[in-house]
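Reader: I've got a model open and would like to learn how to read it. Could you walk me through it?

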Amino acid sequence: MSADHETRLAGLLRAALDGDETAYAEFLGLVAALVRPVARRKLGAGIGTDPEDIVQETLLAIHLKRHTWRSDAPVMPWVYAIARYKIIDVYRRRGGRVELDIEDFAETLPAQASEAASERDIGRALDGLAAGQRRVVAAISVEGRSISETAQALGMKETAVRVALHRGLAAIAARFGRSET
Amino acid sequence: MKTSNLITALAADAARPVVPQSRYWLAAALAAVVVAAIVFFATIGPRPDIAAAAGTPRFLFKFVVTLALAGSALFVLDRLARPGAARRGSLGWLLAAPALLAAAIGVELLTQPEAQWQMLAVGKNSVVCLTYIPVIGIGPLALFILALRRGAPTRPGLAGLVAGFVAGGIAATLYAAHCTDDSPLFVATWYTLAVAMLGAAGGVAGRLFVRW
């Protein structure tokens, strides 16, 4: 999978950094499929953390730190290093240790595992947000509205919607880190 | 939230312009030099005979070492702030300044009589050196830790340590203009100790403030 995958992911992320939302969504979907099986295997027994939380934490970290990828560097080691950091972080917060090598990622077959069918509680991620941010993030993520539709529906300016969305996502990421201490 | 919903939200945020990590380093470096220079000139300042000293190789070589430290450590810091980018080879750049210093010590030992070695290493300014390199460097260290928070170091403690070396390199460059002890033996002893103090402070700051 590696070489093809690398080229494809790098191309998508490059387009995303130029503002291509469709490419970005596809990139994040592929990353989720890569990280999910590793998170499941590593967090399988008794750690008490939903592996999908790791997937989401990794996606948020990738989003907020996407400027740390050099567009001339390979993208997969960058993705793996972030996922690895997040998995180890979960163990650290729980006072344990986990061994995790790059080979853990190499073994995964990205297409095979899909997201758990169980409807996850939307409230869990959004609860901690200020009311304004919550309305914006919910409108875009759950209801699938665009920025302009959200602006119209909530009677806000588009720039205000963008700011609220960005801050909301950053707040969710920060909350992930705290929630399990 | 379902992961697919999260991806929708993240994609909607993609249009937001991305500030390259290099921009944060540039801002931190410029501000660090300004802050360090202000502290330096407000406290110890350059030595009175700096014009005469500028003609001597031992004085000038101090700047080669300190600037090599600042530059190489900043390069390594950038790698450490990018997940997956720091290979063993990039950490090796940290040996640049020590290697230069080791070569200069070799020359010093060949050209100076053995009876002088101890005096050259101890010097007259060890206390000033151990005080003012950390004092000048602490502001720059805070700035580089701030810039590091924008990055994504998977080893925050190590990255903080290297941030301390960058700050130490900048502080030592200014301090070298004050100090009248120009022997590489003095530099290797006291500058190293002072930079190590900033490195230790950076390591702690990295672990405390640079989690992400």
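Reader: Which residues in H7(A) and H1(B) meet?

Author: First, some ground rules: this is a predicted model, where local features need pLDDT of at least 70, side-chain atom pairs count only at pLDDT 80 or more, and totals for chains, interfaces and linings use all residues. Residues are numbered from 1 along each chain as its sequence is written, while chains are lettered from A and ligands numbered from 1 in the order in which they are written. Now your pair: A:Val137, A:Ile140 and A:Ser141 of H7(A) meet B:Asn5, B:Leu6, B:Thr8, B:Ala9 and B:Ala12 of H1(B). Two residues are in contact if their C-beta atoms, placed from the backbone, lie within 7 Å. Helices are DSSP runs (H or I, at least four residues; strands are E, at least two), numbered from the N terminus.

Reader: And how do I read the classes there?

Author: Ala, Val, Leu, Ile, Met, Phe, Trp, Tyr, Cys and Pro count as nonpolar, Asp, Glu, Lys and Arg as charged, and the others, Gly among them, as polar.

Reader: At what angle do the axes of H7(A) and H1(B) cross?

Author: Axes are lines fitted to C-alpha atoms, for helices over the stretch in contact, and angles run from 0 to 180 degrees between N-to-C directions. Under 35 degrees counts as roughly parallel, over 145 as roughly antiparallel, 65 to 115 as roughly perpendicular and the rest as oblique. The axes of H7(A), residues 131-141, and H1(B) cross at roughly 110° and come within 8 Å, so H7(A) is roughly perpendicular to H1(B).

Reader: What about H3(A) and H1(B), at what angle do their axes cross?

Author: Roughly 5°, with the axes of H3(A) (residues 51-64) and H1(B) coming within 10 Å. That makes H3(A) roughly parallel to H1(B). On H3(A), the contact uses A:Glu52, A:Val55, A:Gln56, A:Leu59 and A:His63, and on H1(B) it uses B:Thr3, B:Leu6, B:Ile7 and B:Leu10. Those residues divide into five nonpolar, three polar and one charged.

Reader: Zooming out, how many residues does each chain bring to the contact?

Author: Chain B brings 30 residues and chain A brings 43 residues. On the chain B side, helix H1 (residues 3-12) gives the largest share, 10 residues. That side has 17 nonpolar, eight polar and five charged residues.

Reader: How do I read a nonpolar core, and which residues touch the most other members here?

Author: A nonpolar core is a set of buried Ala, Val, Leu, Ile, Met, Phe, Trp, Tyr and Cys residues joined through C-beta atoms within 7 Å. Buried means 20 or more other C-beta atoms within 10 Å of a residue's own, exposed means 12 or fewer, and partly exposed is in between, with C-beta atoms placed from the backbone. The largest core has 113 residues, of which B:Phe144 and B:Val166 touch the most other members. Helix H9 (residues 156-178) of chain B supplies the largest share, 13 residues. Not counting residues up to four places away in sequence, B:Val166 touches B:Ala70, B:Ala73, B:Leu74, B:Leu77 and B:Phe144.

Reader: Is A:Ala164 buried or exposed?

Author: Buried, because 23 other C-beta atoms lie within 10 Å of A:Ala164. A:Ala164 sits in helix H9 (residues 158-179) of chain A. Leaving aside neighbours within four places in sequence, A:Ala164 is in contact with A:Gly132, A:Gln133 and A:Val136.

Reader: How many helices and strands are in chain A?

Author: Nine helices and zero strands. Of the 181 residues in chain A, 36% are buried.
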